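Thanks for coming, everyone. One chain today, a few minutes. Please have a look at the screen.

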Amino acid sequence: MLKYLCGAAVLALSVTTASAADLALKAAPAAPIPFTWTGCYVGVHAGGVVSDDRTISNLGTTVDFSASGFVGGGQIGCNYQFASSWVVGAEGRAAWSNLANSHAASVRFPALGGLVVPARFSLKNDFLASATARLGYVYAERWLVYARGGAAWTRETIDDAFIGPVVGIPTDPSATVTRTGWTAGAGVEWAFAPNWSANVEYNYYDFGTKGPMLLTSPVNSVSIANLKDTIHAATAGVNYHF
């Protein structure tokens, strides 16, 4: 009798084990967690910049000039994904630039009977920043196409070097100013890992036409009636989402 009971127990245990194994084999794999753009991020970017500038003298003569250079910096922002495929967000960025132009110019001295002397005019933009809103559309879950716009700032260093007509020594009147303007652009971003994305974008910066601007030195001063400053930037970046 004991022999039959032991055999029945072994058989029941075998059936139970086989059934458990069968259930384990038939269990459906866990569904992957869908990617969402909602959240905040921090990242870096780098690329090229081209300026489109103009000076207007007190006589009304204009000089158009441009320069090209490098820009690189960082950004921080937050996104919110809604209605399944739309993303709204805000981003702040700041960058260093070596954008600079130097070209031949002239300086007129009304106090000396309108005497005109040759000069060398230079403009540098060594800082570029913006605070923008973003609106984007999600494609295939991990691709985001977006437009952006908002406020922008740049730091300009301006000088106008020439030989002083009275004392005959080199002089270099200059000024450093921070200008406020606006920016607008567009880009595309790809989430290539759960917490990482890469993007490419174009941004246009317009700082308007400002004047008059006074450049000073220990020897002489120069007044610029108006200075127009606009910048085009194309960059690539990487963001970490948290």
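Start with pLDDT: that is the predictor's confidence in each residue, from 0 to 100. This is a predicted model, where local features need pLDDT of at least 70, side-chain atom pairs count only at pLDDT 80 or more, and totals for chains, interfaces and linings use all residues. Residues are numbered from 1 along each chain as its sequence is written, and side-chain values use heavy atoms, with hydrogens and water left out.

The chain averages a pLDDT of 88. Over residues 1–24, pLDDT is below 50, and the stretch has zero contacts (heavy atoms within 4.5 Å) beyond near neighbours in sequence. Where pLDDT is low, the predicted coordinates should not be read in detail.

Now the layout. We have one helix and 12 strands. These are DSSP runs, at least four residues of H or I for helices and at least two of E for strands, numbered from the N terminus.

What share of the 242 residues is buried? The figure is 37%, with buried meaning under 20% relative accessible area (1.4 Å probe, protein chains only).

On to the largest nonpolar core: 11 residues, including Val71, Ala95, Leu128 and Phe207. Such a core is a set of buried Ala, Val, Leu, Ile, Met, Phe, Trp, Tyr and Cys residues joined through side-chain atoms within 4.5 Å. Strands E4 (86–109), E9 (196–210) and E12 (226–241) each give two or more residues to this core. A separate core has 10 residues, among them Met213 and Ile224.

Definitions and conventions: Buried means under 20% relative accessible area, exposed over 50%, partly exposed in between (1.4 Å probe, protein chains only).
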